[in-house]
Amino acid sequence: MFDYHLHLWPHSQEDAPCSIEQVAAYCQEAASRGVTQIALTEHLFRFRQGREAVGPFWEAAGGDQAMSDSMAGYIDHHCHGDLDDYVELVLTARAQGLDVLLGLEVDYYQGRMHEVAELLAQYPFDLLLGAVHWVGNWRFDHLDDPLQMAGWETAAVDACWDAYTSALEELAATRVIDVLAHPDVIKVAGNVPSHPSEWWDRIAEASLKADVAVELSSAGWRKPVGEQYPAVPLLERLVAAGVPLTTASDAHHGAAVGESIDRLCELAQQAGATSLAGFEKRQRREVAL
Ligand SMILES: [Zn+2]
Ligand SMILES: [Zn+2]
């Protein structure tokens, strides 16, 4: 079993220390849950190099000034890491025998993905996750921010899902990433259209067309929606279309590494999957379930 989505730092933490001891502890926690390989996939917006590559992207998004100011503050809070140090840390951990992949969680920066790709090409990544965490300037998944959550009070759920799915389609089509992380995270706060089929179809089709894998994530079980990503009907569409799958906890601290990966594997099997995707140096391979 693999856990292909892990963070070194919780969102509440501003500084970004790197240590081999932490990586070793992650591997140990994973092993205690039967997980044999992990991938560190820190957010690109945690690193100064990422910020330099995309600039103040929130200014181009237009829209509400308060949301724009909030995004600037969010990036200021998070962006203190050095990408070279992070890469060095993971490569050193591997050299010391730890089975950890070098990854990154890459957000969708509309109109800036060429610059992102140029930056990422300079590093020997094993896998790159793609994620949509905001639509325009609105961080729809920032549950503890009242301004962001107020966005849900005025928005029509269908329109939010539509904007989210369009962003995800664009991100997949850039082919800058290898795996779509938490593919239906737009449901995180519990807002789901009465008939989501249209969006499930589009997400499955975008994944197939771009030849990217899709992540099964246990993180949704810890959120208000109380459901893994993706929902079972979307998972069934992905399996039917032959889209490769990965499994992930999206843990932001050591104790949650490898959490419920076994349950995700069971779900994948119940949906008819017989294999998962493994990665190395951005090459995908099939691994029997
Ligand atoms: Zn994410
Ligand atoms: Zn994540």
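This is a predicted model: local features need pLDDT of at least 70, side-chain atom pairs count only at pLDDT 80 or more; totals for chains, interfaces and linings use all residues.
**View 1. Helix H5 on E2 and E3.** Two of those strands turn up again here: H5 covers residues 83–95 and lies across E2 and E3. Its angle to E3 is about 155°.

**View 2. The open sheet, strand by strand.** Seven strands make up this sheet, and reading across gives E1-E2-E3-E4-E5-E6-E7. The pairing is parallel. At the edges stand E1 (2–6) and E7 (245–248), each with a single partner strand, so one side of each has no neighbour in the sheet.

**View 3. Where E5 meets E6.** Zoom in on E5, residues 179–180, and E6, residues 213–217. These two strands pair in the parallel sense, and the pairing rests on two bridges. Look for leucine 180, whose bridge partner in E6 is valine 214.

**View 4. The buried face of helix H11.** H11 spans residues 261–270, and its buried residues are Ile261, Leu264, Cys265, Leu267 and Ala268. What sits over them? The cover includes strands E1, E6 and E7, along with helix H10 (232–241) and strand E8 (275–280).

**View 5. Just past the end of H11.** Follow the chain out of the helix to glycine 272. This glycine has a positive phi, at about 105°.

Notes. Residues are numbered from 1 along each chain as its sequence is written. Chains are lettered from A and ligands numbered from 1 in the order in which they are written. Side-chain values use heavy atoms; hydrogens and water are left out. Two strands pair if DSSP finds at least two bridges between them. Helices (H or I, at least four residues) and strands (E, at least two) are DSSP runs, numbered from the N terminus. Contact means heavy atoms within 4.5 Å. Axes are lines fitted to C-alpha atoms, for helices over the stretch in contact, and angles run from 0 to 180 degrees between N-to-C directions. Buried means under 20% relative accessible area, exposed over 50%, partly exposed in between (1.4 Å probe, protein chains only). The arc is that of the directions from the helix axis to the C-beta atoms.
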